[in-house]
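Okay, everyone, thanks for coming. Let me put the sequence and the model up, and then I'll talk you through what I've picked out.

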Amino acid sequence: MKELLFSLLRFALCDGEATDKNKIEENLAKIYSAAKKHDLGQAVSYGAEKLGINNPTLAKEKALAILRVEKLKFATLEASSVLEKAKIPHILLKGASMRHLYPEEWIRTSCDIDIYVDEKVSEDAAKALIEAGYEKKGYTAQDINLWSPNGCHIELHYVLVNKDRLEKAYPILSRVWEYSVKLTEYRYEMNDEMFYFYHLCHIAKHLTRTGLGIRPFLDLWLMKNRLPQNDKRKELCEKGGLLRFEEISSELCEVWFSGKEHSPITEEYEKYILSSNAYGTHATFSAATQSRSKNKFVHITKRIFMPYSELKNKYPRLRGKPLLFPYYTVKRWTTLAKRDVSKRVKEEMSTSKDDIDALERLFKNLEI
């Protein structure tokens with residue numbers, strides 16, 4: 001099904017030749033099932049429609065995607081308007097800045113809305129949104145989570161990547177305002193090289209944490225083929241320590257969306273991506289995180305004794321109160337008694353050494 005899925009994506013979105021309509025139609029249910037794991041069901045719907053295939057399931061998928069994207073667009077503009085009125089500079093990230101590259105905006109869905117604000121005004125930004133009817137759900141190490149009045153999840157980012165995750169990229173992303181242009185008085189947009197660089201950082205971050213699916217690579221192919229080429233992209237990648245990663249990721253895009261031949265490294269890269277789904281899996285999270293630890297004992301120790309910097313995001317009441325760290329550490333341990341958490345822990349501990357070693361080699365080859 002892999003070959004049929006990519007041939008349909010190439011035809012539908014990437015200037016590829018028309019694929020075998022009969023073969024696609026015969027295997028449509030399996031192609032659709034494979035695509036759904038990567039949040040690309042709507043892309044299959046678009047491709048089938050372009051081939052002249054009528055299917056009620058795909059027609060429903062299209063209708064739901066249109067509704068989903070319109071809902072996200074409305075919530076994005078509304079949140080931006082609230083921040084504008086509050087005089088808070090902000091940048092719309094990822095899906096909101098990517099949809100125009102697709103033949104139809106509804107093909108590029110997303111699970112949430114990502115907005116960047118300076119960390120110094122992040123609490124003010126959250127307060128403005130809450131006063132406008134948004135519901136605050138908590139923190140992570142990088143953002144404040146909220147829900148919009150129409151039910152969309154909003155991640156209000158104040159850090160674009162953790163310093164310990166992409167050490168060379170962090171200083172560049174910390175200067176994002178220098179690489180951005182003003183659209184309105186308080187709304188900004190990344191310039192081309194930062195837009196490209198940040199997208200690669202986002203891929204690298206998820207690869208080494210939870211895994212991720214096909215869609216970010218489709219985004220990358222479209223950025224390289226639908227936007228004017230810019231030499232400053234490469235310069236920024238080299239400065240940020242991602243030049244090798246950019247080259248191999250681009251090579252994988254060419255395999256998938258331009259029909260080029262695999263190399264040994266893109267085959268390994270593909271194997272990891274296709275073992276995941278759109279937002280990663282617990283199995284890929286386990287293998288990825290353990291591959292970056294010195295050994296399983298170190299990994300287990302870190303998982304049991306979550307550092308204060310991470311635990312305070314899980315329990316916001318701990319923020320600014322380090323003396324309560326032991327209490328919340330024990331509180332977290334009690335969750336391990338729950339069946340679903342215990343199951344995940346057992347799965348994580350049973351991750352094979354071969355899977356961990358394979359990912360360690362892949363990350364080394366990608367230089368991330």
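This is a predicted model: local features need pLDDT of at least 70, side-chain atom pairs count only at pLDDT 80 or more; totals for chains, interfaces and linings use all residues.

Residues are numbered from 1 along each chain as its sequence is written, and side-chain values use heavy atoms, with hydrogens and water left out.

So, the overview. The protein chain has 19 helices and seven strands; those are DSSP runs numbered from the N terminus, H or I of at least four residues for helices, E of at least two for strands. Of the 368 residues, 49% are buried. Buried here means under 20% relative accessible area, exposed means over 50%, and partly exposed is in between, using a 1.4 Å probe and protein chains only. Now contacts, meaning heavy atoms within 4.5 Å: among those between residues at least 6 apart in sequence, 66% join residues at least 24 apart.

On to the inside. In soluble globular proteins, nonpolar side chains tend to be buried together. What I call a nonpolar core is a set of buried Ala, Val, Leu, Ile, Met, Phe, Trp, Tyr and Cys residues joined through side-chain atoms within 4.5 Å. The largest one has 80 residues, and Leu-13, Met-194, Phe-197 and Phe-217 are among those with the most contacts inside it. Helix 9, residues 192-207, gives this core its largest share, 10 residues. If you click on Leu-13 and skip neighbours within four places in sequence, you'll find contacts including Tyr-46, Tyr-102, Ile-107 and Trp-221. Apart from that core there's another, of 23 residues, including Leu-72, Ala-75, Leu-83 and Ala-125.

Next, the helix pair. How are helix 5 and helix 7 packed? Helix 5 is residues 56-85, helix 7 is residues 122-131, and they pack at an angle of about 115° with axes 9 Å apart. The axes are lines fitted to C-alpha atoms over the stretch in contact, and angles run from 0 to 180 degrees between N-to-C directions. From helix 5, Ala-79, Val-82 and Leu-83 meet Ala-125, Ala-128 and Leu-129 of helix 7. By class, that contact has six nonpolar, no polar and no charged residues.

Now some single residues. Met-306 sits in the loop between helix 15 (296-304) and helix 16 (308-314). Met-306 counts as buried because its relative accessibility is 14%. Beyond residues up to four places away in sequence, Met-306 touches Leu-311, Phe-325 and Arg-332. Its C-alpha is 9.1 Å from that of Arg-332, 26 residues apart along the chain.

Most residues other than glycine have a negative phi. Asp-15, though, has a positive phi of about 65°, and Asp-39 has a positive one near 55°. Asp-15 is in the loop between helix 1 (2-13) and helix 2 (21-26), while Asp-39 is in the loop between helix 3 (28-36) and helix 4 (41-51). Buried or exposed, then, for Asp-15? Asp-15 is exposed, because its relative accessible area is 60%. Asp-39, at 9% relative accessibility, counts as buried.

Key: Ala, Val, Leu, Ile, Met, Phe, Trp, Tyr, Cys and Pro count as nonpolar, Asp, Glu, Lys and Arg as charged, and the others, Gly among them, as polar.
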